[in-house]
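Hello,

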Amino acid sequence: MNNIYLDNAATTRVYDEVIEYLASQYKDNYANPSSAHKFGSSAAAEVEKAEHVILDFYGLKNDDWKVIFTSGATESANLAIKGTLDKYDDISKAKIITTAIEHPCVSKVFEYCKSKGAEAVVINTDSFGRVDITALENAVDEKTKLVSIIFVNNETGIIQDIANIGKIIKKKNKSTLVHIDATQGYLEKLCCDDIDLISISAHKFHAPKGVGALIVRKNITLSAQMHGGGQQNAIRSGTVNSPLIGAMGVALDTLKKNDPRQYVKELQEYLYKQISDKFGEDVINSRIYEADYAPHILSMSFEGLNGSHILYNLEAVGIFVSTSSACSTHSKDKSVLENMGMTNKRAQGTIRVSLSEYNTKEEIDIFTEELSKVVTKLRKLYRVK
């Protein structure tokens, strides 16, 4: 049996078009884009082209927004949060707000800022993982400098109502900056009307690892977190990686052209039915018919079992899933699912299946059949009913 890759929320297969583009850039357009000569200008043009593609993909105007290229969403989130707070001489006077279900690239930065004296408020969610809007509204005040919210949760796929959230925040304090972690939201339309900063990572949408961006309104100033040669308007120094940046643009262009959302949604619904038929709906955490979820993620839990044991047994037959966010696999912190109110016993038995346009219904059939064998075996082994 060929390998079946169902861990696309961790990273994705790079588009063929992107690989071809990268090969041509590394071979023929490899100059430093900061160089003053014509060869450097050719590389710089690829960076500028990618910026236009990114802004167009998110429906943003070049006159109002700028793109700061980074190594990925983790650096982008750090730049957004720390870059905002570093502008203030007395960080203890600053208040920042986030949610209980953020990716570590946000939650860990909030912990760091709190250790430096900032007031860091964490808003809880309901059992679906939707932010408590009333609690958020009550938390925003004249001290609030920044609110950071994840758009699509990386473990369950729940989508936050960003349009409403942004509006509420700005109504309470129009000076509060709103940062959105849009890393997993590439298949969803993001309303940016009341948003100021957006983090993305290229390897989530079929581009290479090691490149991402922070999309920022042009009227916003940030304190640099990397100092050096002054590239990217001195916000993010370091040689600009024009091949990877250009590849990100090519990937978004290809994604827009392919428009795989409907196909991936059909796969998700097919997977949901297969799992429901085999195990019952109760095992599924991503309740896609009761709330808004991104189409590429489906979380499920087998109470009494260990998700890692399920993962390793599936891996033995060439099927690859994850237990949670790949970025938090080694963390001892309370999980996103527990922060949503799930018991630790159920959370321990969780696996996450994440899809892409490269997956098929035939693969889902094989996965479901093999998962049934694994769960049956493990339940007998651990005497779980």
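Buried here means under 20% relative accessible area, exposed means over 50%, and partly exposed is in between (1.4 Å probe, protein chains only). The model is predicted, so local features need pLDDT of at least 70 and side-chain atom pairs count only at pLDDT 80 or more, while totals for chains, interfaces and linings use all residues. Residues are numbered from 1 along each chain as its sequence is written, and side-chain values use heavy atoms, with hydrogens and water left out.

Aromatic rings. Rings of Phe, Tyr and Trp (its six-membered ring) pair if their centres lie within 6.5 Å; planes under 30 degrees apart are stacked, over 60 edge-to-face, and the rest tilted. That rule gives 6 aromatic pairs. One of them is Phe 57 with Tyr 58, edge-to-face at 5.2 Å centre to centre and 75° between the planes. Tyr 58 is buried at 9% relative accessible area, whereas Phe 57 is partly exposed at 21%.

For Cys 113, the nearest cysteine sulfur belongs to Cys 105, 13 Å away. Cys 113 is buried, with 2% relative accessible area. For Cys 191, the nearest is the sulfur of Cys 192, at 6.7 Å; Cys 191 is partly exposed, at 30%.

Charges over rings. The criterion is NZ of Lys or CZ of Arg within 6 Å of the ring centre and within 35 degrees of the ring normal. Arg 13 has its charged end over the ring of Tyr 358, 3.9 Å from the centre. Lys 82 is over the face of Tyr 112, 4.6 Å from the ring centre.

Regards

Notes: Disulfide = S-S within 2.5 Å.
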